[in-house]
Amino acid sequence: MADTFGRYRVLLINSYVLVISGICSALAPTYYFFLICRAIVGYCVGGNYGCSVVYSQEVMPNSLMRAWNMFILEMYWTAGSFYELLVAILVMSLDNGWRYQVLLTVLPVLIMLVGTHFMDESPRYLVINNRKEEAQRVLARICEQNGTEYCTDSELTVRDVRRGDIQEVWAAPYTRESVQITIHFFCNMFLIFGMSMLIPDMMGYNYCSMDIFFNTTYENSEGCTVYTDDEYWFLIVLTSITIPGFLIGTDFAERFGRRNTFYFSLFGSAIFTIPLIFCFSSYLTYVELFFAYFFYTSYNQVLWIYTPEVYPTYMRATAIGIQNGIGKSGAAVGTFLVTDLDEISVSYSVYCFIAAVLIACVTGLFMSRETQGQNLQDARDNENTPFCENQGKAYGIE
């Protein structure tokens with residue numbers, strides 16, 4: 001939709017629907033009404049995140065700023081995780097605490113909705129849709145905000161203008177990269193989201209005597225599984241591991257290249273995931289989990305930096321939407337698989353994590369394209385356009 005109707009419009013509509021469905025979730029009168037609302041919320045969250053990545057990367061003038069822009073985006077995701085966990089500590093023990101949790105979750109979305117009204121459309125999207133005067137005005141405003149001079153008489157041209165479609169994502173010359181990125185998104189989301197379920201289960205089922213530090217999950221009088229405050233605080237500590245993971249992933253991607261950072265992240269993921277099955281000691285298991293999660297987030301970071309750089313503007317949102325959707329299916333498989341397998345044996349879940357890491361490692365070995373230092377491509381046969389130069393000038397970058 002963002003390739004057809006524009007990045008700004010999709011972000012704005014999604015934000016409105018997200019607020020409405022979030023409030024309806026908190027006020028849901030029945031379980032099935034709640035499920036429908038949460039399904040809509042999930043759809044909008046996935047759409048908004050993918051579209052915000054596309055939008056923000058398209059307004060960045062060069063490879064270096066694109067990499068650090070993704071770091072800033074991921075920091076907002078981490079801040080949101082902290083917010084949710086702190087709110088859970090405060091309200092989940094109350095009667096109908098889950099309603100307060102869901103309602104307070106809408107607050108950051110309201111802030112996002114207000115901020116979206118002050119955004120411009122992506123100038124790259126405007127150019128490929130032959131709306132060059134609007135693109136000039138957007139770049140002129142960016143110029144003004146950055147205190148730089150900009151010649152609005154410059155010619156902005158992009159050849160081979162077209163709209164992206166799903167089939168084209170898998171067509172030459174993107175077939176190889178698309179297949180590889182699809183596998184990476186599925187495995188990475190499986191690992192990250194599955195880990196959020198695996199660690200509490202490890203403590204709850206006392207895997208490797210991991211309950212020595214915490215009071216763990218219990219069932220309340222209504223038969224519902226409840227996390228303790230200790231577990232919430234542990235998840236806050238675990239979430240903090242994402243910060244150095246995203247930081248290292250960003251720095252290495254720009255310093256050593258996207259492909260080498262893939263190798264680094266995947267090798268580290270394997271080193272610290274495989275030993276989990278041997279259960280040497282509770283202390284060592286915690287260390288392995290922390291470092292594994294660190295490398296998963298570094299892997300996630302370079303994946304999000306790399307993917308928008310592979311596809312041209314006319315199909316970028318379509319491609320990222322597909323890959324992100326496949327990734328979310330990996331997240332769903334990871335969470336449901338871990339939940340079911342842990343009831344039999346936590347070891348089975350660990351084996352699945354090892355398999356996902358090894359599949360990702362093998363896929364990473366065949367990555368051939370390096371995108372570090374390249375301008376974003378706007379059309380299939382048009383990698384370096386005058387538009388790229390003008391965009392850099394708008395930020396004071398020659």
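Biologist: Which way does helix H9 run against helix H13, and at what angle do their axes cross?

Modeller: The general idea is to compare the N-to-C directions of the two axes. In this predicted model, the axes of H9 (residues 175–204) and H13 (residues 282–310) come within 10 Å of each other and cross at roughly 150°. Angles over 145 degrees count as roughly antiparallel, and H9 and H13 are therefore roughly antiparallel to each other. Their crossing is left-handed. The residues in the contact of H9 with H13 are 20 nonpolar, five polar and one charged.

Biologist: What is the case for H2 and H5?

Modeller: The axes of H2 and helix H5 (residues 97–116) come within 9 Å and cross at roughly 160°. H2 and H5 are therefore roughly antiparallel to each other. The crossing of H2 and H5 is left-handed.

Biologist: How should I read helix H11 and helix H12, and which hand does their crossing have?

Modeller: Helix H11 covers residues 242–255 and helix H12 covers residues 258–273. Their axes come within 7 Å and cross at roughly 140°. That angle makes H11 oblique to H12. H11 passes H12 in a right-handed crossing.

Biologist: What should I look for in the backbone itself?

Modeller: Most residues other than glycine have a negative phi, and most peptide bonds are trans. Two places here can be read against that background. Alanine 172 and proline 173 are joined by a cis peptide bond, with omega about 10°. Proline 173 sits in the loop between helix H8 (166–169) and H9.

Biologist: Where is the residue with a positive phi, asparagine 130?

Modeller: Asparagine 130 is in the loop between helix H6 (123–128) and helix H7 (132–146). The phi of asparagine 130 is near 65°, which is positive although the residue is not glycine.

Biologist: How many salt bridges are there?

Modeller: The general idea is to look for a side-chain nitrogen of Lys or Arg within 4 Å of a carboxyl oxygen of Asp or Glu. By this rule the count is nine. One example is the salt bridge between the side chains of arginine 316 and glutamate 58, at 2.8 Å from N to O. Arginine 316 lies in helix H14 and glutamate 58 in helix H3, so the pair ties together parts 258 residues apart in sequence.

Biologist: How is empty space found?

Modeller: Rolling a probe the size of a water molecule over the atoms shows where empty space is left. Here, the second largest pocket holds about 540 Å³ of space. It is lined by 21 residues, and those closest to its centre are Met1, Val10, Tyr43, Gly47 and Gly321.

Biologist: Which helices supply the lining of the second largest pocket, and what classes of residue does it have?

Modeller: Helix H1 (2–5), helix H2 (7–26), helix H3 (31–58) and helix H14 (313–344) each supply at least two residues. H3 gives the largest share of the lining, eight residues. By class, the lining of this pocket has 10 nonpolar, nine polar and two charged residues.

Conventions: Residues numbered from 1 in each chain as written. Predicted model: local features only at pLDDT ≥ 70, side-chain atom pairs only at ≥ 80, totals over all residues. Heavy atoms only, no water. 1 Å grid on protein atoms, 1.4 Å probe; cavity = no way out; pocket = protein on both sides within 12 Å on 5 of 7 lines; lining within 4 Å. Points joined across faces, edges and corners; volume = space filled by probe spheres on them. Helix = DSSP H or I, 4+ residues; strand = E, 2+ residues; numbered from the N terminus. Nonpolar A, V, L, I, M, F, W, Y, C, P; charged D, E, K, R; others polar. Axes fitted to C-alpha atoms, helices over the stretch in contact; angles between N-to-C directions. Parallel < 35°, antiparallel > 145°, perpendicular 65-115°, else oblique. Left-handed = near helix turned anticlockwise from the far one by under 90°.
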